[in-house]
Amino acid sequence: MSTPFDPFQESVAWVADTGFFIACGRQQNNKYAALERFAAQNDLTFVIPQSVYAELGGAPDRSTPGQTPINSALDAGWVRVAAEPDYANSTVSRVMDDIRSYIARSSNRVEDQIEKADTALGAVAATLLESGDARYVCVVTTDTDAGEGTVAALAANGFEDRIQFRDGFELIDEITQPGCR
């Protein structure tokens, strides 16, 4: 059983997935504006895996001319792209394998059909925790299986009590309410 930690303390990295940003929409959307305000008010930067950036970077024609929402967030400094994880690192590869297995079991899918972006959340979190770049990680995803799998995999690999999952849809609802943190 994991002990909760305050996700707003200094030593917490927030790792986010594609679905979370897609659910916020374009820059003109009130959810996107609320997310940007939330990051600024809490002095936090969302870290995204490179595979998430690649997924989010492909829609410039539906965004502000010449600028995708994710690039605007990167330019503003409230999102950053993580370095490519070291897949030769045994902890990173174990975490990714454990997440893939968890998602396959919980969603009745074949492991080979699990998206790399889902396991990349865990790879980035493991890298941040193992390197000491973060004491804790809060994973934000709209995919419950990926979120719970990431927590289970990291806990099983020595990071129990240092990882938590926030449902991206719930966080968006929370931050779009008046008086949010």
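Reader: Where is asparagine 108?
Author: Asparagine 108 sits in the loop between α5 and α6. Helices here are DSSP runs of H or I with at least four residues, strands are runs of E with at least two, and both are numbered from the N terminus. Before we go on, this is a predicted model, where local features need pLDDT of at least 70, side-chain atom pairs count only at pLDDT 80 or more, and totals for chains, interfaces and linings use all residues. Residues are numbered from 1 along each chain as its sequence is written, and side-chain values use heavy atoms, with hydrogens and water left out.

Reader: Ok, and is asparagine 108 buried or exposed?
Author: Asparagine 108 counts as exposed because its relative accessibility is 72%. The cut-offs are under 20% relative accessible area for buried, over 50% for exposed, and partly exposed in between, using a 1.4 Å probe and protein chains only.

Reader: What's the phi of asparagine 108?
Author: About 55°, a positive value although asparagine 108 is not a glycine. Most residues other than glycine have a negative phi. Aspartate 43 also has a positive phi, near 50°. Aspartate 43 is in the loop between α2 (30–41) and β2 (46–48), and it counts as exposed at 72% relative accessibility.

Reader: Switching topic: how do α5 and α6 cross?
Author: Their axes come within 8 Å and cross at roughly 145°. Axes are lines fitted to C-alpha atoms, for helices over the stretch in contact, and angles run from 0 to 180 degrees between N-to-C directions.

Reader: What kinds of residues make up the contact of α5 with α6?
Author: By class, there are eight nonpolar, four polar and three charged residues. Ala, Val, Leu, Ile, Met, Phe, Trp, Tyr, Cys and Pro count as nonpolar, Asp, Glu, Lys and Arg as charged, and the others, Gly among them, as polar.

Reader: And what about α6 with α7?
Author: Helix α6 (residues 116–131) packs on helix α7 (residues 144–159) at an angle of about 35°, with the axes 9 Å apart. The contact residues include Asp118 and Leu121 of α6, and Ala146 and Thr150 of α7. Contact means heavy atoms within 4.5 Å.

Reader: Aspartate 118, then: which residues is it in contact with?
Author: Leaving aside neighbours within four places in sequence, aspartate 118 contacts Ile99, Ile103, Arg109, Asp143, Ala146 and Thr150. Aspartate 118 is buried yet has no salt bridge, and the nearest side chain of opposite charge, arginine 109, is 4.5 Å away. For charges, Lys and Arg count as positive and Asp and Glu as negative, while His and the chain ends are not counted. A salt bridge needs a side-chain nitrogen of Lys or Arg within 4 Å of a carboxyl oxygen of Asp or Glu.

Reader: How many salt bridges are there in the whole structure?
Author: Two. Aspartate 97 pairs with arginine 100, with the closest N and O atoms 3.2 Å apart. Those residues both lie in helix α5 (residues 90–107), three residues apart, about one turn of the helix. Glutamate 174 pairs with arginine 166, and there the closest N and O atoms are 3.0 Å apart.

Reader: Is arginine 166 buried or exposed?
Author: Arginine 166 counts as buried, at 16% relative accessibility. Glutamate 174 is partly exposed, at 42%.
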